[in-house]
Amino acid sequence: MKNWLKLMLLSLVVAAFAACEDQQETLPDALLEVTPNNLAGEWELVTYDNGSTLPEGGYVRIEFDRKERTYTLRQNVESFSEQVLTGSFNILTDPSLGSILVGNYDYNGGDWAHRYIVRSLTANRMVWVAKDDPEQVQVFARK
């Protein structure tokens, strides 16, 4: 009887751990607030313009510095060698649109061509939509 009771208790413990493990795998990534801390780090462009991918060997990577609110953009899509662009960024809040990412360039002081609504931000993925052109959707993955 004691062995049967121990076996039942052990089975319940194993089942509980197995259930927790399965549940964690199916939970979606939690959405994060768009802050410099949550943007900090390096991101790589995965798709743009509603699903287009970069040419083979091409990349666009942006690294955000949370303390200085600066970024470094590295890309090789529009040239034979890597281009490096730097500048600063800011996060604006619009009551109807949510968080909007804006930036400017160091080399000429000009603003980015678009302001980007951050549609979703998780620990590993973020989606930007150009405020003035909803067809321009960019998906980034954390490096």
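Which residue forms a salt bridge with Arg61? Glu44 does, and the closest N and O atoms of the two are 3.6 Å apart. A salt bridge here is a side-chain nitrogen of Lys or Arg within 4 Å of a carboxyl oxygen of Asp or Glu. Glu44 lies in strand E1 and Arg61 in strand E2, so this pair ties together parts that are 17 residues apart in sequence. Strands (E, at least two residues) and helices (H or I, at least four) are DSSP runs, numbered from the N terminus.

First, the ground rules. This is a predicted model, in which local features need pLDDT of at least 70 and side-chain atom pairs count only at pLDDT 80 or more, while totals for chains, interfaces and linings use all residues. Residues are numbered from 1 along each chain as its sequence is written, and side-chain values use heavy atoms, with hydrogens and water left out.

Now the confidence. pLDDT is the predictor's confidence in each residue, from 0 to 100. The protein chain has a mean of 86, and 81% of its residues reach 70 or more. Residues 3-15 stay under 50. For that stretch the model has zero contacts beyond four places in sequence. Contact means heavy atoms within 4.5 Å.

Back to the charges. The count comes to three salt bridges. Glu44 also takes part in a bridge with Lys143, at 3.5 Å from N to O. This pair links distant parts of the chain: Lys143 sits in the segment after strand E8 (133-142), Glu44 in strand E1, 99 residues apart. Lys143 is exposed, with a relative accessible area of 54%. Arg61 is partly exposed at 23%. The scale runs as follows: buried is under 20% relative accessible area, exposed is over 50%, and partly exposed is in between (1.4 Å probe, protein chains only).

Shared partners join Glu44, Arg61 and Lys143 into one network.

Next, the interior. A nonpolar core is a set of buried Ala, Val, Leu, Ile, Met, Phe, Trp, Tyr and Cys residues joined through side-chain atoms within 4.5 Å. The largest one has 22 residues. Leu39, Ile62, Phe64, Tyr71, Leu101, Met126 and Trp128 touch the most other members. Strands E1 (41-47), E2 (60-65), E3 (70-75), E4 (83-94), E5 (98-105), E6 (116-121) and E7 (125-130) each give two or more residues to this core.

Take Phe64. Leaving aside its neighbours within four places in sequence, Phe64 is in contact with Leu39, Ala40, Gly41, Trp43, Thr70, Tyr71, Phe89, Leu101, Met126 and Trp128.

Aromatic rings come next. Rings of Phe, Tyr and Trp (its six-membered ring) pair if their centres lie within 6.5 Å; planes under 30 degrees apart count as stacked, over 60 as edge-to-face, and the rest as tilted. The structure holds eight such pairs. The rings of Tyr116 and Trp128 have centres 5.0 Å apart and planes at 40 degrees, so this pair is tilted. Tyr116 is in strand E6 and Trp128 in strand E7, 12 residues apart. Tyr116 is buried at 9% relative accessibility, and Trp128 is buried at 4%. Ring pairs also link Phe64, Tyr71, Phe89, Trp112, Tyr116, Trp128 and Phe140 into a cluster.

Finally, the loops. Most residues other than glycine have a negative phi. Asp49 has a positive phi of about 45 degrees although it is not a glycine. Asp49 is found in the loop between E1 and E2, and is partly exposed at 37%. Arg69 has a positive phi as well, about 55 degrees. Its loop runs between E2 and E3, and its relative accessibility of 35% makes it partly exposed.

Not counting residues up to four places away in sequence, Thr122 touches Asp29, Ala30, Leu31, Leu32 and Trp43.
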